[in-house]
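The entries follow the order in which I looked things up.

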Amino acid sequence: MLLKDLCELKGVAGNEKIVRDTIKKDLESAGKKVTIDRMGNLIVSNGVKSDIHLGVTAHMDEVGLMVKGIDDSGLIRFTNVGGLDPRILISKVVEIGDEDVPGVIGAKPIHMQKAAERKKAFAMDQLYIDIGTGSKKETENSVSPGDYINFISPYQPFGNHKVKAKALDNRIGCFMVLELIKMDLPIEITGIFTVQEELGLRGSQVAANNLEADLVLVLEGTTCGDLTEVEEHLKTTELGKGPAISLMDRTSIYQRKLVDKLTEVADQHHIPWQYRRNSFGGNDAGRFQHSKEGTPCLSVATPCRYIHSPVSVMDERDFEGMKKLLTVFIEEISKGGIL
Amino acid sequence: MDGKNLLEKLIQTSGVSGYEGKLAEVVKEFFEPYADSITSDALGNIIVLKKGQKSSGILMFAAHLDEIGLMVKKIDKNGYLHMTSIGGFDQRVLPCQEVTVHGKEDLFGVIGMLPPHITGGKQEDSIKLEDLLIDVGYSKEEVGDLVSVGDIVTINRNMRLLKNNRITGKALDDRAGVVSLYEGIKNLHSQIHDVDVYFVLTVQEEVGTRGAITSTYGINPDVGLAVDVGFGKTPELNAHDTLELSKGPGILVGANTHPNVFKRLKETAKKNHINYQVEVAPGPTGTDAWPMQISGSGVATGVLSIPLRYMHTSVETVDWQDIETTGQLLSHFVMYFNSKEMEDFLCY
Amino acid sequence: MDKLDVKTLDTLLSTFGPSGNEDRVREFIKSEIKDHVDELHVDALGNLIARKKGNGKKIMLAGHMDQIGLMITYIDKEGFLRFTNIGGISPTISLSQRVVFQNGTVGVIGSEHLESVKDLKLDKMFIDIGANSREEAEKIVSIGDVCGYYDAPVIDDHKVVSPSLDDRIGCYIMMETIKNLKDSPNDLYFVFTVQEELGLRGARTAAYRVEPDIGIAYDVTMTGDTPKARTMALKMGEGFAIKAKDNSMISHPGLKNYLVQEAKNQNINYQIEVLEFGGTDSGAIHLSKEGVPSSVLSIPTRYIHSTCEMVSTKDVIGAINYSTNLLTTDFNF
């Protein structure tokens, strides 16, 4: 299973079925047993028994759009699923529903605007999708309210070790969990693929309520602010500086001694790494760390530019570094002394 | 050859104002079988001539080859490219677009967005062109001389089919017009007509109808029509400022149209059961017809507009039917001049 | 060449010549180049067209003689002069500057008292020539009289600071090119144009007459190298620039690439210019008759349209050397 295959799957929060089915098939063909809970989370064990029990988790869902309604002229009104800056929506082609009906999100021609208008962004309720129909009835033959809307963005390597794709947040994490489960690591690992993280860490709450583990590794694609005009102290992470390790975010403070153990292992194995340098945003660690009696967590991520857009960008070397770091860290844990 | 085929090829080929060269190759290939001669002038206008039996007058049809685009204005210390626009670009259509930077070789790039913790949830203001950056995935040293200041950048967008024969893609302004001209010359292939017809694929219309100035000077036509696109109706636009898709081309009325040309276009449409609409423009039309009209001793001009939604975005949308219909109207208009005196036609 | 001809440049920069009043500049340039060209012609608008004959390509080089200025529209009771602008005059830049009229009278630009600097407009400003009454003023100047910025040029090995570098520096480069040019196969028309600042007017009529195969203007352009400047790649001192585009023209890509290749062949510092405003004579030349492939050689200039425009001496010398060699090549592109 390549990262490319995972990124191109359509799995907007609340509609993760295809992602879940694909992951299930991949795990089962590797001989692993899979269970699916009532939220739709997918849970798998690597089949090893040991005293220390690790959890590794990633969310399957991505941000996207949903059809709200169809107006009289046949144009489709929509809303966002998960956090999306509406300014990224203009002048794009999208695909709607299970039939992938193509449509465009257009904009008022520049010739008909006053200069002052262009200074204000379009709000989502001013936008609509045009699939080429002329009436409500016609549109209703192909599209219904509640249909999920997906961006079109094929996986594209470019530049110097860079990759553009949609949903790097968080198919990167899904890829890592799959690899760690299928690798023959000498320690008991439960893999948890959660749903609806983008809607407020929903799936992970249910998963956390049912997990007994000593440490959970939360694996992600995370925001990166290394554009030129961003001041140095506001750059959360930078591409090319290695996997990012969190100290604190909106939903968790990570135990400093655990973070230090992780960075020590990275240094010992000459794996470049960086801190995730501010506390904006949150992830499923918020649930695992604070449910039942609480389970310590660590968050490790690959930095992604333009996160939550169809054109997010990562550096392959950070991605490879993340995989290597997780592997050696888990091996170290299995030798004892870390936990 | 198939007109839709030409349209698809044109959409896939980049041709920003001033840099239309690659399009010229595509156009020549398609128009050649139907033309008596194809030449180009100093600015790159492609001039396709179909001679008439009697050369009793000169008609010129103009559709512009160029599309709006971007140009690299600086490569910053981190390897990001700063851009300026060529033609009228609404900065709001740029965030999160995939682009091609036409440097030493074609490079893939992305126009990104600042992350939310920096925009601080302030989503009401649009992002200024000055603040947008093109990311080609290289540092300044890695970019080297792959990209230079002055290189052209286009948005990646291939043709997509929507329902009802509608087509979306970039640069349908004015590739739709170019294909109408192609349909027109194809229709004339088997016909006998008296007047000479110049099908001119103009350059640099988007930066000031510049190609039309020099091409009209060279041709010195009696009658000239610009075939461009008109504002397609969508809910937020005033109905009276727009044309409806699928109802045929707009025939323009106003100072930029010679009254006899207006009358003749309408009657030709009616006679041949071609759907049309009337487009109102009291003054400047923003098309090649504007400079054509005052060239040399004056030209009797008119404008045909193919209805197009979302103009100057990369998801411009037209109805294929409207393109075909416009091509039919052009060829029937040519046939009208058989056995007619040009001087009578031009007479006020 | 490796040094500026300070005396000639100083005279050129100090000669009176707002748009429409270029006579003195023309006379000076004529006297400097007449022994180095085959033909000289002055057309109806006042363009100076100097030809070095050849059988090859017909190339029109254009630099404009006119500078921006002001014209008196009214003389008030107290002897203060109200004015309108000739070309692009910025209220904030012109406030408190000195101007000089054709007869040598010096004046100062002042303004009415204003609540906020945002209210500063040309019609709230006036020229003060030190007269005490209308009668006294009318002995010296009249309505319709024209003036330009007045400040002494500073020329050294490093930089030139002066009013009217736009575009006397272009004219200077053309003059030095004419003087230094060895044999050229091309038919060269060096056109010193008028009224560029009012809309490329002289270039339009000159191009109509000359009917060139190729057009190259010599003019100034902005830089992006001062603190928090608007983003632009050009830096003073890093070489003359070959223009990709401005608001009046997109350089013919074939010609632009030819000019770049020539710079590489000559191993000379050059930059590529993308200007988001403004225009030059090539804007008019390229649309003449059936069109003319055109481009521009630009000198990066700070503080354009002020009394202290600034250029790098190195850039100017580089442009002269480049131009002198360039015009001997065959221009096949």
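How many Å separate the centres of domain 1 of chain B and domain 2 of chain B, taken over C-alpha atoms? I noted 33 Å for this separation, keeping in mind that this is a predicted model.

**Entry: the domains of chain B.** I looked up the bounds and found that domain 1 of chain B is made of two stretches, 3–67 and 170–346, while domain 2 of chain B covers 70–155. I then looked at where the two touch, and I found 10 residues of domain 1 of chain B in contact with 12 residues of domain 2 of chain B.

**Entry: the domains of chain A.** I repeated the look-up for chain A, where the assignment gives domain 1 as 3–62 + 166–335 and domain 2 as 64–151. The C-alpha centres of these two domains of chain A lie 32 Å apart, and their contact takes 12 residues from domain 1 of chain A and nine residues from domain 2 of chain A.

**Entry: the fold of chain B as a whole.** I counted 10 helices and 17 strands in chain B. The radius of gyration of chain B is 21 Å, close to the 20 Å that the globule rule gives for 348 residues, so I recorded chain B as being as compact as a globular protein of that length. Along its principal axes, the C-alpha trace of chain B spans about 70 × 40 × 35 Å. I also noted that 60% of the 348 residues of chain B count as buried, and that, among contacts in chain B between residues at least 6 apart in sequence, 76% join residues at least 24 apart.

**Entry: where chain A meets chain B.** Here I found 54 residues of chain A in contact with 53 residues of chain B. On the chain A side, at least two residues each come from strand E6 (92–96), strand E7 (101–105), strand E10 (156–158) and strand E11 (162–165) of chain A, and E7(A) gives the most, with four residues. By residue class, the side of chain A that touches chain B divides into 25 nonpolar, 17 polar and 12 charged.

Terms used:
Residues numbered from 1 in each chain as written. Chains lettered and ligands numbered in written order. Predicted model: local features only at pLDDT ≥ 70, side-chain atom pairs only at ≥ 80, totals over all residues. Rg over C-alpha atoms; globule rule 2.2 N^0.38 Å. Buried ≥ 20, exposed ≤ 12 C-beta atoms within 10 Å, placed from the backbone. Contact = placed C-beta atoms within 7 Å. Nonpolar A, V, L, I, M, F, W, Y, C, P; charged D, E, K, R; others polar. Domains from an automatic or database assignment.
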